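User: Hi! Could you walk me through this model?
Analyst: Happy to, here it is.

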Amino acid sequence: MKIRVDFDALWRSVEMMGASDRDFRFSAVNKGELAIDAELERGIEVDLDNLETTSGLLSYQGRQVLLYIPDQGRRISEVLESPEKGKKFHVAECNTLDAMRSRGRFERYVVTNDMSGVFSVSGTDPVAGYQEGKAELCVCKNCLKFLNYQGYQKGGPGKSSIFEGFTLERFFKTYSTRFRSLPSRFTDRGGGYSEDWQQISQSFRAKRDWTCENCLVNLADERRLLHTHHVDGNKRNNESSNLKALCVDCHRKQPMHGTMMIKNNDMATIQRRRKQQGVLADSGSWDEVLDLIDSAYEGVALKLLREGHPAPEVAADILDGDKGVILTPELSWPAKKRAIVDTGAQVQLLETAGWRAQLVTQVLQR
Ligand SMILES: [Zn+2]
Ligand SMILES: [Zn+2]
Ligand SMILES: [Zn+2]
């Protein structure tokens with residue numbers, strides 16, 4: 001029996017939903033998952049009490065989200081004119097949210113993973129009456145402080161440039177490893193390359209011995225995690241002086257790579273290889289740590305550095321007798337049996353093994 005499947009129709013609908021057609025696997029095209037992504041992009045109304053968090057970040061069904069209030073009340077005309085005066089959107093479990101919670105739920109709260117930064121707002125102006133429109137709202141500063149995003153807690157002039165330079169794309173990318181599912185449209189669409197690109201990239205990376213030119217990790221056995229980067233940003237300039245072999249982690253840290261996200265298990269693979277190959281030296285310097293850690297831990301690392309702690313080990317395996325490896329925290333001090341972890345369950349797990357662990361959110365809030 002011959003089974004005919006109309007893939008064209010499938011692709012058309014996948015494309016219509018804004019999903020990417022790269023990295024295609026049958027399991028990935030799950031109707032329910034795509035429906036959640038499409039719904040989340042439009043925005044889903046939530047009850048503040050049911051808001052989920054992951055290491056202090058807002059989440060919905062395993063995806064990273066932001067929260068905003070569409071109703072701008074009496075100030076709607078002003079907000080449409082000067083969006084920076086509008087109600088801020090939230091990206092973390094900040095104290096403003098606590099305050100809103102205790103005031104009760106009088107407002108409509110919407111979560112979304114739309115990264116355009118443009119929000120649908122409405123309200124009733126005492127003079128002009130009901131109005132609605134789009135506004136580029138600003139991020140909540142308490143959220144940036146909560147996460148020590150890019151070192152925001154330090155204050156000083158750096159603070160305002162972090163706020164002014166904030167983009168949702170970069171923010172979501174920073175924390176992509178913390179979430180179970182990455183919406184498919186966030187993956188690189190692969191447009192703009194020359195036709196022979198696959199071949200050029202393949203032979204270029206082979207010439208570089210499948211080694212990242214930045215962190216020196218060798219990915220000969222995980223070739224998909226090594227990319228060929230265009231230094232000048234022009235995807236058609238394939239001069240070898242314009243190409244650089246970079247592991248996915250070093251690649252996403254390049255400027256102008258806002259939407260390049262990395263999955264948790266891929267980051268773990270890269271850290272494991274770096275460790276095995278001695279790229280992640282034991283007790284290196286803070287500079288080295290900041291260069292090589294998963295960017296989701298940058299805020300907490302900058303805080304520890306400012307508090308004067310010695311540089312931690314990155315992605316060291318913690319062993320417990322015959323149980324083998326029980327956890328691989330991003331930041332730990334094996335000699336002192338101390339580690340920074342994400343969940344209460346991980347704290348307990350390490351405590352039973354004679355370690356002392358602290359939550360990322362605890363360090364950020366002290
Ligand atoms: Zn906030
Ligand atoms: Zn690298
Ligand atoms: Zn690149």
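**The zinc site and the fold around it**

User: How are the donor residues of the zinc ion (ligand 2) spaced in sequence?
Analyst: Their spacing is C-x2-C-x31-C-x2-C. Donors here are N, O and S atoms within 2.8 Å of the metal (3.2 Å for Na, K and Ca); water is not among the atoms, so sites may look incomplete.

User: Which protein donors are they, then?
Analyst: The zinc ion (ligand 2) has Cys-212 (SG), Cys-215 (SG), Cys-247 (SG) and Cys-250 (SG), at 2.3 to 2.4 Å. Cys-215 sits in the loop between helix H8 (197-207) and strand S9 (226-230), and Cys-247 in strand S10 (residues 243-247), so this pair ties together parts 32 residues apart in sequence. Helices (H or I, at least four residues) and strands (E, at least two) are DSSP runs, numbered from the N terminus.

User: Are Cys-215 and Cys-247 buried or exposed?
Analyst: Both Cys-215 and Cys-247 are buried, where buried means under 20% relative accessible area, exposed over 50% and partly exposed in between (1.4 Å probe, protein chains only).

User: Before I go on, what are the ground rules here?
Analyst: This is a predicted model: local features need pLDDT of at least 70, side-chain atom pairs count only at pLDDT 80 or more, and totals for chains, interfaces and linings use all residues. Residues are numbered from 1 along each chain as its sequence is written, chains are lettered from A and ligands numbered from 1 in the order in which they are written, and side-chain values use heavy atoms, with hydrogens and water left out.

User: Thanks! Which residues touch the most other members of the largest nonpolar core?
Analyst: In that core of 85 residues they are Leu-67, Phe-89, Val-91, Phe-166, Leu-168, Phe-171 and Leu-331. A nonpolar core is a set of buried Ala, Val, Leu, Ile, Met, Phe, Trp, Tyr and Cys residues joined through side-chain atoms within 4.5 Å. A second, separate core has 11 residues, including Val-341 and Leu-350.

User: New topic: in what order do the strands of the open sheet with 3 strands run?
Analyst: The order is S1-S6-S5, with antiparallel pairing; two strands pair if DSSP finds at least two bridges between them. Strand S1 (44-46) and strand S5 (66-68) are at the edges with a single partner strand each, so one side of each has no neighbour in the sheet.

User: How many bridges join S1 to strand S6?
Analyst: There are 3, to S6 (residues 109-112), and Val-46 has Tyr-109 as its bridge partner in S6.

User: And how many helices and strands does the protein have?
Analyst: It has 14 helices and 16 strands, and buried residues make up 45% of its 366 residues.
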